[in-house]
Amino acid sequence: MREEILEAALKQFLENGIRKITVKEIIAPLGISTKTIYKYFKDKETLLEACLDLHYGRLHEGMQSTAAEYDNPLILMFRMLIKGFELDFTINPAFYHDLNHYYPELQDKAIQKNFTVLTSPVSTVLADAIQLGLIRAGLDARVVQAAIGVLYKSVTRSAEYAGFGLSPFEIAANTMEVYLRGLCTAEGLRQLELNKELTSFNYKP
């Protein structure tokens with residue numbers, strides 16, 4: 001029952017945001033009483049925290065699944081980030097707005113708890129791409145990783161680019177993709193050119 005409640009709650013939060021959804025609305029499809037939900041979760045915030053663990057765990061699983069598909073670490077880095085954008089933009093923007101505005105401590109706690117798990121694949125891919133001469137040597141992987149995080153957050157979690165009338169993927173093509181290409185060696189850029197359909201954030205056949 002705990003897992004059923006979690007699944008129902010996460011679905012509601014992702015589709016409708018967090019603030020407006022009540023515990024009664026969460027349990028309505030399950031046909032259970034509020035007493036049952038409070039048996040497993042002390043309050044809405046405790047439930048939300050568990051939902052965030054489930055959400056970030058699934059993001060990690062998506063990364064692992066993508067990692068199994070590509071041998072080239074540079075292509076893989078692009079695919080992992082593009083996949084992240086695809087997952088994020090199937091979510092109602094109200095979810096992250098509510099999370100950051102009304103539950104910042106829970107968001108910070110969830111990110112801190114899942115930071116290593118979510119960023120270690122990117123860290124490994126960066127190191128492999130540098131070793132193969134696809135990304136410029138001498139770069140500090142920690143700074144690169146942090147910069148990717150800032151760009152990702154600016155596109156997916158803020159309204160910074162809202163006034164331009166562009167799709168999220170067009171914005172990513174003008175920010176994230178430009179930065180990532182700037183990390184590459186000549187060979188890395190050649191590999192990207194050979195794999196345009198896999199590595200462009202706004203690819204149109």
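Predicted model: local features only at pLDDT ≥ 70, side-chain atom pairs only at ≥ 80, totals over all residues.
Glu-15 is partly exposed, at 44% relative accessible area. I then checked its partner. Glu-15 forms a salt bridge with Lys-11, with the closest N and O atoms 3.1 Å apart. Both residues sit in helix H1, four residues apart, about one turn of the helix.

Next I turned to the packing of H1. I noted that helix H1 (residues 2-16) and helix H4 (residues 44-67) have axes that come within 9 Å and cross at roughly 85°. H1 is therefore roughly perpendicular to H4, since 65 to 115 degrees counts as such. I listed the contact residues. From H1 they are Arg-2, Ile-5, Leu-6, Glu-7, Ala-9, Leu-10, Phe-13 and Leu-14. From H4 they are Lys-44, Leu-47, Leu-48, Ala-50, Cys-51, Leu-54, His-55 and Arg-58. I sorted the residues of this H1 and H4 contact by type: 11 are nonpolar, one is polar and four are charged.

Back to salt bridges. How many does the structure hold? I found six. Among them is the pair Asp-140 and Arg-142, whose side chains meet at 2.7 Å, N to O. Asp-140 is partly exposed, with a relative accessible area of 31%. Arg-142 is exposed, at 67%, because the cut-off for exposed is over 50%.

I also looked at Lys-196 and Glu-193. Their side chains meet in a salt bridge at 2.9 Å, N to O. Lys-196 is partly exposed, with a relative accessible area of 43%. Glu-193 is partly exposed too, at 44%.

How values were computed. Residues numbered from 1 in each chain as written. Heavy atoms only, no water. Axes fitted to C-alpha atoms, helices over the stretch in contact; angles between N-to-C directions. Helix = DSSP H or I, 4+ residues; strand = E, 2+ residues; numbered from the N terminus. Parallel < 35°, antiparallel > 145°, perpendicular 65-115°, else oblique. Contact = heavy atoms within 4.5 Å. Nonpolar A, V, L, I, M, F, W, Y, C, P; charged D, E, K, R; others polar. Salt bridge = Lys/Arg side-chain N within 4 Å of Asp/Glu carboxyl O. Buried < 20%, exposed > 50% of the residue type's maximum accessible area, 1.4 Å probe, protein only.
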